[in-house]
Structure formats: C-alpha cells, structure tokens
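The sequence and structure are shown below.

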Amino acid sequence: MHLVSNENAIFCLYLSSPEIFANIRENQIHTSRESRRLTKGTILREAYHHLVYINGLDVSMMKDERVTKGRRRPHKSTSVWSLTMKRLPKMHTDAKVIIGDSQNMHELSNESVQLVVTSPPYFNAPFDYPDLFKSYDEFLQMMTNSAKEVRRVVSSGRIVALVVDDTLIEGKKYPVVADITKIFVEKGFKYRERITWVKPEGYIRISKRSGVILQHPYPMYYYPDNLQESILIFQKGDFNYKSVPSRIKELSTIDKREFQENKWYLSVWRITNVLPNNNRLEKGIAAFPEEIPYRLIKLFSYWGETVLDPFLGSGTTMKVANELQRNSAGYEIDMELKEIIKAKLSIDDSKFIVRRDCKRLRTQLQSRIKREVAKNG
Ligand SMILES: C[S@@+](CC[C@H](N)C(=O)[O-])C[C@H]1O[C@@H](n2cnc3c(N)ncnc32)[C@H](O)[C@@H]1O
C-alpha cells in the first residue's frame with residue numbers, strides 16, 4: 001500500500017488490491033498545514049490519519065510515515081507501508097454550541113470533557129471589552145464560578161489551558177494572570193505550566209506606551225510595549241498513562257518533526273496573532289490564532305476525545321478540534337456571535353442551544369470601542 005500525492009496536491013491512498021481506493025482532495029483535509037507539508041514533499045503521519053479517518057480504516061500496524069511527493073512507491077530509504085486494514089466505525093466528531101453563560105454548564109455531565117482550551121474575556125480591555133464588567137471583583141467572581149464548573153466537567157488527570165494577559169486600563173495594570181492562577185489553584189487544580197506566547201514585533205496595539213521614554217529620556221519613564229500573553233496550564237490531579245489503549249495512542253501520535261522544527265519544546269511559543277483586519281470573520285472578537293489550540297489539542301488530548309471552550313468567541317478551538325478528529329463543545333454568552341460561529345464551524349442551527357441567559361454584546365461593545373479609539377487617537 002502506498003500513500004502518495006500527485007502534482008495537484010491531491011492525497012491519494014492506493015492499495016495493492018483495488019478494493020479500496022480513496023482520492024481525497026486537499027480541501028477535504030481542511031487544514032492548510034497538511035498541504036504545506038505535502039508541497040514540501042513529505043506527508044506526515046497526521047495527513048495520513050486524516051485520510052484513514054475519512055475512510056474508516058485501521059492503521060494500528062502502521063510502520064512508516066514518509067512518502068516522497070510524486071512517487072507511486074515509497075523512496076528506497078523509507079520502508080514500505082505495512083498495514084493491517086480493518087474496517088473501523090467511521091469517526092464522526094460531534095460539536096455542540098451553547099449560547100449562554102459558562103458559569104453554568106449544566107448541559108455537560110461530570111467529567112465528560114478531556115481538555116479545556118480557552119481564552120476568557122480580557123478584563124475590560126479598552127480595545128476589546130470596555131466596561132464589560134462593573135468591577136475587577138465582578139470579573140474575578142465570574143472566573144471563580146467558571147473554574148468551578150470547569151473542574152466539574154473535566155475528567156480526572158486532564159488539562160485546562162487558558163490564554164490570558166494582564167490588562168492595562170488608564171495606566172493601571174490588573175494582575176489577571178496571577179489572579180486567575182490563584183483561582184484555579186484554589187479550585188483544586190495543579191499549576192502545571194506557564195507558556196509565554198510571543199507575537200511578532202510589528203504587532204503592538206497600544207504603541208504609544210514606549211514612546212514616553214523618547215519624550216523623556218530619563219529614569220522612571222520606562223513603559224514597555226506588550227508583545228506577549230500567557231498560556232496557563234492546569235491539571236486536575238494525576239493522569240493515568242496506562243488508561244489509554246495503544247491504538248488510540250498510535251492514532252494520536254505527535255509528529256516529532258513538527259515538534260522539533262516549530263520548537264514546541266520551549267516554554268516560549270512564537271506565533272503570529274490574528275490581525276484585527278476588517279474583512280476577517282473574527283473582527284472585533286480578540287480571537288487567538290489556530291496554531292494555539294492546534295498545539296494544545298495535539299499535546300494534551302487523544303483522538304476521539306472531547307475538547308471544551310467555555311469562552312468560545314468565534315469558535316477557533318472547536319474548528320481546530322474538529323479538524324483533529326476530536327469532539328467539541330463551546331459556550332459563548334454573546335448571541336450576536338452565533339452566525340459567525342456557524343460560518344466558522346460550517347454547522348447549522350441543530351448544533352446550537354440558545355439559553356435565556358445569553359446577551360447581546362457586540363454592537364454595544366463596538367460603539368464603546370469607537371469612543372475609546374476617538375478618545376485615545
Ligand atoms: C477572548 S474571547 C475568545 C476568543 C476565541 N478564543 C476565538 O478565537 O475566537 C472571549 C469570549 O468570551 C465570551 N464570554 C464572556 N463572558 C462569558 C461567559 N460568562 N460565558 C460564556 N462566554 C463568555 C465573550 O463574549 C468573548 O466572545
């Protein structure tokens with residue numbers, strides 16, 4: 001059996017017997033990552049898995065993952081694919097979106113999700129959520145209630161990852177990262193890791209800060225521009241590594257080359273942010289780039305498990321979860337984001353539950369942001 005790509009970047013699965021032949025176009029694979037790899041000449045394990053999932057085949061005996069572009073047979077230096085082909089039930093990922101407040105996630109039963117990836121609203125950040133909360137205490141209370149619900153729904157031993165940053169409002173810095181860490185630890189999570197997400201230098205939204213020292217080149221006038229956010233990683237007790245069947249492990253294998261080349265091994269992740277571009281679906285949502293949930297989902301969940309985002313925004317986490325063959329659930333309080341989520345995830349109304357505690361936020365926030373921009377120039 002050979003896995004090859006032709007000139008048009010079409011993934012092809014050939015079997016020595018003609019019983020099964022799958023020819024799957026790039027856009028059915030969904031992510032651009034695989035096609036990038038393909039054009040470089042190598043199809044990695046993951047692209048192959050996508051194919052296999054789509055066709056419901058078992059790859060538990062897969063021996064090698066490399067194929068050379070344009071060749072019908074693997075290159076001499078790579079060993080021949082050796083597979084036991086069995087029919088598997090087709091992997092159908094489920095997606096559920098609740099338009100409502102994630103301080104109450106009663107739709108999810110206890111320990112029903114295996115990973116949480118999220119980015120809570122940046123406390124009253126002037127260019128994202130001006131005056132969303134009446135006070136910092138109200139924000140912390142909301143985070144405390146959400147942390148409690150998250151702890152209830154996450155399986156034992158599993159991970160909660162939050163992308164957070166301190167907020168600067170009218171010269172006052174709020175220690176959001178420290179306070180959220182404290183909340184999660186007090187709710188019984190282990191503080192496992194803090195990864196620093198560094199954005200490219202060209203990205204500075206509030207650029208005037210560092211200019212102060214140019215006007216006053218003296219000590220004490222130093223206010224650096226912010227290029228980073230924290231990815232906080234918490235764990236609910238210990239993980240039982242022996243609980244995962246070997247076939248599921250195999251299906252969830254992390255691509256070592258990607259791990260090395262993109263430096264996932266560092267506690268600093270250099271990833272380009274989503275630019276606040278007018279034409280984007282995510283405009284005005286403070287969305288994170290797909291690369292963040294992509295890494296977290298690959299590093300902390302297994303094939304077929306369920307990923308939750310309690311502050312869904314445009315739906316980035318669920319989109320990536322679906323592409324990686326994970327089930328997903330999300331909570332978003334703002335009814336005005338429903339159509340954006342629908343478009344991003346390509347789902348219809350049947351996947352939504354709209355609760356009475358949802359709000360209408362975006363229009364209101366956008367007009368406040370315009371006022372902020374006018375005020376700050
Ligand atoms: C920073 S954004 C998330 C962006 C998301 N990661 C993405 O890529 O699009 C936070 C989201 O949480 C929502 N939100 C705020 N409070 C909430 C609550 N109590 N329950 C559910 N969603 C909430 C906001 O409306 C906002 O869309």
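How many residues surround the ligand, and which are the closest? The model is predicted: local features need pLDDT of at least 70, side-chain atom pairs count only at pLDDT 80 or more, and totals for chains, interfaces and linings use all residues. Residues are numbered from 1 along each chain as its sequence is written.

The ligand is surrounded by 22 residues, and the closest are Ala287, Phe311, Gly313, Ser314 and Thr316; a residue counts as near if its C-beta atom, placed from the backbone, lies within 6 Å. By class, this shell holds 12 nonpolar, 6 polar and 4 charged residues.

Leaving out residues up to four places away in sequence, Leu232 touches Ala161, Leu162, Val164, Ile180, Thr181 and Arg194 (contact: C-beta atoms, placed from the backbone, within 7 Å).

Strand 4 (residues 95-99) is largely enclosed by the rest of the structure, because 4 of its 5 residues are buried (20 or more other C-beta atoms within 10 Å of their own). Strands are DSSP runs of E, at least two residues, numbered from the N terminus; two strands pair if DSSP finds at least two bridges between them.

| Partner of strand 4 | Sense | Bridges |
|---|---|---|
| Strand 13 (residues 327-332) | parallel | 5 bridges |
| Strand 14 (residues 352-354) | parallel | 3 bridges |

Within these pairings, Ile99 stands opposite Glu332 in strand 13, and Val97 stands opposite Phe352 in strand 14.

Definitions and conventions: Ala, Val, Leu, Ile, Met, Phe, Trp, Tyr, Cys and Pro count as nonpolar, Asp, Glu, Lys and Arg as charged, and the others, Gly among them, as polar. Two residues are in contact if their C-beta atoms, placed from the backbone, lie within 7 Å. A residue is buried if 20 or more other C-beta atoms lie within 10 Å of its own, exposed if 12 or fewer, and partly exposed in between; C-beta atoms are placed from the backbone.
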